[in-house]
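Here are my notes on the model you sent over. Keep the 3D view open and click along as you read.

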Amino acid sequence: MWYQRYFPYHKREHTRTFLYFGAANYLARVWLNGTKLGEHVGGFTPFDFEITGRVADGENSVVVEVDNTRRADGVPSIHTDWWNYGGLTRSVEVVEVPEAFIQDYSLHLAKSGKGGLLEGWVQLNGGVPGLEVFIEIPDAGINYKSPISPNGRADLSLDVNDVACGKKPRAKCRDSLELWTPEAPKLYRVTIRAEGDYVTDEIGFRTVEARGTQILLNGKPIFLRGICLHEEAPFRGGRAFSEEDDRTLLTWAKELGANFIRLAHYPHNETMIRLADQMGLLVWDEVPVYWEMDFKNPATLENAEAQLRDVISRDHNRAAVALWSLSNETPISTERTAFLKSLAEYARQLDNTRLITSASDKAEHPDDEHAALNDPLGEYLDVIGLNEYVGWYGKYRPEDADKMQWKFAYTKPVIVSEFGAGAAYGLHGDTDTRFTEEYQTNLYRHQIAMLQRIPSLAGMTPWILMDFRSPRRTLVGIQDYYNRKGVISDRGQRKKAFYVLQKFYQEKATRSTASNPAP
Ligand code: GCU
């Protein structure tokens, strides 16, 4: 697909200008006024080109070529169970910044769990060393400054309680920082000033960690009541990109009683993540290393690393994001595990404040009453993701879940990152008839019971919130190129299974509030 448009621009002194893309699927080539600016590979992360010296004072013409052809060495590669929507799928913007500008920053609650210790950094682009960066957090009474080192970086370490407590002995002083939780998603307005530039952001402060088989939020065990979703627009189809699209989907997830969403299988638009921050939904953020890939190819690894770097760079200040997911259902091989091991190391290097996970569907059934996940990938993860379709794919019926005992090779928290069954909204029959709402509901009942018998279960994200388009789903009159495993149809109709899951999540939430009252 080729895109072209004219845009007027008025050049200003001491200003730098960038052309910014929210995303373009898959290979994008960009020209400005006939000059090629560059290329970008990867369909789900932002990229930009500096046009300071190239943009004209007056009329400009930008041309973009976007090719969504799949490639065996691509990320993702040839086969996906989602529609390969191509082209400019998110916004394109002209961005102006001062000559010396705040390129990136990170501010988060230190893992030490010391109530109010915030840590992070600010990276300047341009500017003279030796000056200072200023951090303002009015609601927390913070006015903090830190020197900028020669490489334009300023490290941040500020204790909110120091300010709030002043001379009062620590013991007499309650933590003043309100921590972000799904129930109370407190966001602080933070302003960062340096040289002639400033950035304001809404940031929540919380810690997330794994301990044994538990996931802890702010030091307390949390059960992740989740749901998977694709970045597809309700009602009209196509890629979801607007706040309205995203808010509709996340409101449905909240209505389910969810406190967690798995954004499958690629980085969704930034608005989705910011809404999760505001609405109180923890996030599983994933890069599209999906099914078979060219794991031997260094260029494929580089591509995956670039997508991981870009999503971490975009979302690392979002309290909602708790897990970086490296892959989904990749076939076990030495090359594959080495590929994902290095991705895991790279993710920790880029951000050691979150949990690293991946979804594996490589469970084995030694007999009809036992299932085990021994995927060697687990060694490199903080949280094990399990996709299992007992009762839908393979020989087992939904009821067979009642006898199934699960074992995991690693003593780590487990999230059942997929289970489910297809159902066409309004198609009714007995519980043995596939694609009926009764079959799907029956499967959910047996699955929920089975999952609760997994001791290391820390969360679940059934597949999936809403029916979505897929080139692989061709059952006429039932699928019609839609994967029908949604608990809600693509037209927003709730299927019977929606209410089974909602009831379970409401009970779970009530129980956890009872055993874990808010401070
Ligand atoms: C897989 C896969 C999904 C797919 C789902 C399904 O587990 O991860 O992308 O859509 O199963 O078969 O419905």
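1. Start with valine 289. Setting aside residues up to four places away in sequence, valine 289 touches Val75, Phe295, Ala304, Leu326, Ser327, Asn328, Thr330, Phe339, Leu340 and Leu343; contact here means heavy atoms within 4.5 Å. Bear in mind that this is a predicted model, where local features need pLDDT of at least 70 and side-chain atom pairs count only at pLDDT 80 or more, while totals for chains, interfaces and linings use all residues. Residues are numbered from 1 along each chain as its sequence is written, and side-chain values use heavy atoms, with hydrogens and water left out.

2. Which members of the largest nonpolar core touch the most other members? They are Ile261 and Val289, out of 107 residues. A second, separate core has 25 residues, including Leu118, Ile137, Leu156 and Phe205. A nonpolar core is a set of buried Ala, Val, Leu, Ile, Met, Phe, Trp, Tyr and Cys residues joined through side-chain atoms within 4.5 Å. Buried means under 20% relative accessible area, exposed means over 50%, and partly exposed is in between (1.4 Å probe, protein chains only).

3. Helices (H or I, at least four residues) and strands (E, at least two) are DSSP runs, numbered from the N terminus. Axes are lines fitted to C-alpha atoms, for helices over the stretch in contact, and angles run from 0 to 180 degrees between N-to-C directions. Angles under 35 degrees count as roughly parallel, over 145 as roughly antiparallel, 65 to 115 as roughly perpendicular and the rest as oblique.

4. Who meets whom in that pair? On the H4 side you'll find Thr300, Leu301, Ala304, Glu305, Leu308, Arg309 and Ile312, and on the H5 side Phe339, Ser342, Leu343, Tyr346, Ala347 and Leu350. By class, the contact of H4 with H5 has nine nonpolar, two polar and two charged residues. (Ala, Val, Leu, Ile, Met, Phe, Trp, Tyr, Cys and Pro count as nonpolar, Asp, Glu, Lys and Arg as charged, and the others, Gly among them, as polar.) Ala304, Phe339 and Leu343 also turn up among the residues that valine 289 touches.

5. Next, helix H6 (residues 437–451) and helix H7 (residues 496–515): their axes come within 8 Å and cross at roughly 20 degrees. H6 is therefore roughly parallel to H7. From H6, Glu437, Glu438, Gln440, Thr441, Tyr444, Arg445 and Ile448 meet Lys496, Ala497, Val500, Leu501 and Phe504 in H7. Those residues split into six nonpolar, two polar and four charged.

6. H7 has another partner to check. Helix H2 (residues 243–256) packs against H7 at an angle of about 60 degrees, with the axes 8 Å apart, so the two are oblique to each other. Trp252, Glu255 and Leu256 of H2 make the contact with Phe498, Leu501, Gln502 and Tyr505 of H7. The tally for H2 with H7 is five nonpolar, one polar and one charged.

7. Most residues other than glycine have a negative phi, and most peptide bonds are trans. The bond from valine 75 to proline 76 is cis, with omega near 0 degrees, and proline 76 lies in the loop between strand E6 (58–67) and strand E7 (92–98). Another cis bond joins alanine 264 and histidine 265, with omega about -25 degrees. Histidine 265 sits in the loop between strand E19 (260–263) and helix H3 (270–279).

8. Two residues to check for phi: histidine 14 has a positive value near 50 degrees, and phenylalanine 435 has one of about 75 degrees. Are they buried or exposed? Histidine 14 counts as exposed, at 54% relative accessibility, whereas phenylalanine 435 counts as buried, at 12%. You'll find histidine 14 in the loop between strand E1 (2–9) and strand E2 (15–21), and phenylalanine 435 in the loop between strand E27 (414–418) and H6.

9. Last, alanine 372 in strand E24 (residues 370–373). Alanine 372 is buried, with a relative accessible area of 14%. Leaving aside neighbours within four places in sequence, alanine 372 contacts Lys362, Ala363, Glu364, Trp406 and Lys407.
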